[in-house]
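Subject: Handover of a structure

Dear colleague,

Please find below the sequence and structure that I am handing over to you. My notes on what was found follow directly after.

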Amino acid sequence: MTTEGQTRAGRRGPSRTLVLPETLTVKQLSELVDQSPVDVIKQLMRNGIMVSMNQMIDHEVASLVTAAYGIRTRVAEAVAETGSLNSSDGMIEDEASFVSRPPVVTILGHVDHGKTSLLDSIRNAHVADREVGGITQHIGAYQVEYSGQRITFLDTPGHEAFTSIRSRGARVTDIAVLVVAADDGIMPQTEEAIDHAKAAEVPIVVAINKMDLPGADPERVKRQLSQHNLLVEDWGGDIISVPVSARTGDGIDELLENLLIVAEISELKANPSRSASGVVIEAKLDRKRGPMATVLVQSGTLGVGDFVIAGTAWGRVKAINNDRGRAVKGVLPGEPAELLGFGSLPEAGDLMAVMPNERTVRGLAHDRERAKSSQQSQVRALTLEEVVKQIDAGDIKELNLVLKADVQGSVEAVRQSLERLTEAEARVRILHAGSGNVTESDVLLASASEAIIVGFAVGNEIGVERVAERMGVEIRHYSIIYQMIDDVEQALHGMLEPTFTDIVLGEAEVREIFPARRNVKIAGCRVTNGRIPRGSAIRILRDGELLEETSIASLRHFRDEVNEITNGMDCGILLEDYNDFEIGDILQAHRQERSQR
């Protein structure tokens with residue numbers, strides 16, 4: 001179908017929809033809607049958005065254009081920046097072609113509460129088509145079969161990796177299983193895992209592990225969960241909790257059954273007929289075979305011979321191994337696989353897509369390389385002042401914060417104080433609160449959720465500043481609780497003003513006064529310290545008192561106009577709208593420098 005035909009089809013029937021990626025260029029959007037780039041740019045200008053033809057825009061901006069042309073759209077699941085936006089990609093999809101796909105599950109929890117043991121227990125009992133020797137390799141993801149249905153588990157090293165993938169724009173997990181040891185209860189890393197799962201807005205199923213131990217107390221775990229706003233079903237809530245023992249295997253079947261129930265409620269579907277797209281789970285360099293990438297296919301069918309791109313890495317698929325190490329020809333939605341064929345290593349969280357040919361994939365990779373270099377030079381942190389502007393513009397309704405304080409008592413006190421701050425325009429949302437220094441995990445969570453990190457009486461762990469700068473996350477430290485609360489409150493009011501420091505550049509003493517034309521006077525001065533730049537702001541001081549503030553209109557050394565006069569030199573200074581000099585007056589040059597609060 002041609003692009004024109006697709007556009008007409010998209011307008012014709014409510015069952016057909018134009019699928020937009022998370023980001024695309026203005027030129028690519030113009031091809032999708034079958035309009036000239038100039039017309040698309042005009043539509044955006046009517047909405048107050050100034051862009052160029054090759055500039056990247058997100059799906060929300062793109063939808064302003066499609067709405068103007070009467071085209072129904074939706075956002076592709078984790079298919080950001082596919083770049084394959086021509087007719088061969090089939091971006092117009094018939095909803096009748098969607099079929100159910102396996103749910104993708106991530107295991108989260110405290111380090112010693114049995115996440116790995118639980119995964120091993122599930123895998124050993126329910127791996128689909130299990131063979132002698134079991135799993136032959138570790139690829140970071142695998143599938144199990146229960147009651148004739150498949151479930152995909154991501155074997156990630158914890159909530160940091162979970163959020164690292166999400167921070168790159170990928171929605172991978174459908175269900176988060178929170179593992180809590182029945183004898184230990186909720187620990188600090190459990191709290192972090194809860195906050196990361198809530199921030200990702202995925203359903204949570206609680207597995208109360210180690211039920212075979214003498215000190216197991218599931219009721220205490222449920223009580224602690226309720227303190228984190230997770231009310232289990234037998235306490236009248238909607239959170240499913242399952243008592244299990246990874247060591248004995250008790251409760252594993254019930255856990256899997258509940259995961260399938262949650263998946264059924266979520267109505268997880270994908271179109272296997274389109275070009276494949278997905279997410280890179282992990283990647284490694286094999287000395288013999290080269291770059292190997294584990295991918296989770298989320299839509300379409302991936303096959304051997306397909307041209308693929310993930311981030312800036314691209315190549316042609318030479319071989320595909322499934323989670324049991326078997327060579328396969330194709331991978332369906334919801335299935336993990338290991339690919340051989342990338343020319344370089346992609347990064348975990350990179351969004352993968354199939355391109356129609358080598359020319360397209362090579363060109364897109366080149367464009368992304370250039371865009372990446374340009375973005376790296378322009379990365380700016382989302383600051384509290386910028387949040388204020390977005391609140392004023394009505395763009396955001398919540399101020400997302402990650403809170404760190406010196407001790408747990410301070411955490412609770414500061415959290416309660418901040419959460420009480422609510423305005424008509426916006427409210428505070430604490431994504432995570434904990435004690436101790438700011439960590440890389442905090443930065444990942446803030447980056448994924450467009451949050452700001454506020455620290456009270458704490459510092460940063462080694463290397464955190466560098467990670468925060470790279471990911472565009474602002475970290476604000478406070479030693480006085482009231483200053484923190486005032487700043488956040490002013491942000492919610494939209495009144496937070498940038499702070500400036502006054503920097504004195506230099507001083508000059510008036511030694512003589514020269515009359516000029518039209519009653520203008522020139523001050524003959526000698527610079528007594530520092531420097532006097534042309535055009536700088538000037539204070540006129542007499543006997544230590546401030547008389548006037550103005551600026552330099554002209555700065556001369558003898559007859560020559562100069563840009564700057566330094567210490568010990570003579571000069572003539574003409575000021576804007578000021579003539580009342582007296583010999584002995586001090587002219588002080590200064591400037592305002594923006595400073596961190």
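A residue is called buried under 20% relative accessible area, exposed over 50%, and partly exposed in between (1.4 Å probe, protein chains only). Asp 577, at 77% relative accessibility, therefore counts as exposed. This residue lies in the loop between strand 33 (570–575) and strand 34 (586–595), and its phi is positive, about 55°, although it is not a glycine. Helices (H or I, at least four residues) and strands (E, at least two) are DSSP runs, numbered from the N terminus.

Two remarks on the source are in order. This is a predicted model, in which local features need pLDDT of at least 70 and side-chain atom pairs count only at pLDDT 80 or more, while totals for chains, interfaces and linings use all residues. Residues are numbered from 1 along each chain as its sequence is written, and side-chain values use heavy atoms, with hydrogens and water left out.

Asp 34 is a further non-glycine residue with a positive phi, of about 60°. Asp 34 is found in the loop between helix 2 (26–32) and helix 3 (37–46), and its relative accessible area of 36% makes it partly exposed.

I turn next to the nonpolar cores. A nonpolar core is a set of buried Ala, Val, Leu, Ile, Met, Phe, Trp, Tyr and Cys residues joined through side-chain atoms within 4.5 Å. In soluble globular proteins, nonpolar side chains tend to be buried together. The largest core here has 27 residues, and those with the most contacts inside it are Leu 118, Ile 122, Ile 151, Phe 153, Leu 255, Leu 256 and Leu 259. Among the elements that give two or more residues to this core are strand 7 (104–109), helix 5 (115–126), strand 9 (149–154) and helix 9 (252–266). Helix 9 supplies the largest share, seven residues. Contact means heavy atoms within 4.5 Å. Apart from neighbours within four places in sequence, Leu 259 is in contact with Val 105, Ile 151, Phe 153, Ile 175, Val 177 and Val 205. A second, separate core has 21 residues, including Leu 401, Val 414, Ile 430 and Ala 433.

Two strands pair if DSSP finds at least two bridges between them. The sheet has four strands in the order 24-23-25-26, with parallel pairing. Strand 24 (427–435) and strand 26 (475–478) stand at its edges with a single partner strand each, so one side of each has no neighbour in the sheet. From one strand to the next, the twist averages 25°. Strand 23 (residues 398–405) and strand 24 are joined in the parallel sense by eight bridges, and Leu 403 has Ala 433 in strand 24 as its bridge partner.

Helix 13 (residues 440–449) packs on this sheet, touching strand 23, strand 24, strand 25 (452–456) and strand 26, and its direction makes about 175° with that of strand 23. For such angles, axes are lines fitted to C-alpha atoms, for helices over the stretch in contact, and angles run from 0 to 180 degrees between N-to-C directions. Nine of the 10 residues of helix 13 are buried, among them Val 443, Leu 444 and Leu 445. Just after helix 13, Glu 450 has a positive phi of about 50°.

Helix 4 (residues 59–68) has the buried residues His 59, Val 61, Ala 62, Val 65 and Thr 66. They cover an arc of only 160° around the axis, which places them on the same side of helix 4; the arc is that of the directions from the helix axis to the C-beta atoms. Glu 60 and Ala 67 are exposed on the other side of helix 4. Gly 70, with a positive phi near 70°, follows this helix.

Strand 17 (residues 307–310) and strand 18 (residues 313–321) run antiparallel and are joined by four bridges, with Trp 314 in strand 18 as the bridge partner of Ile 309. Their hairpin has two residues between the strands, and Gly 311 takes a positive phi near 65° there.

Finally, the structure holds zero disulfides, a disulfide being a pair of cysteine sulfur atoms within 2.5 Å. The sulfur of Cys 525 is 5.2 Å from the closest cysteine sulfur, in Cys 571, which is too far for a bond. Cys 525 counts as buried at 3% relative accessibility, and Cys 571 counts as buried at 7%.

With kind regards
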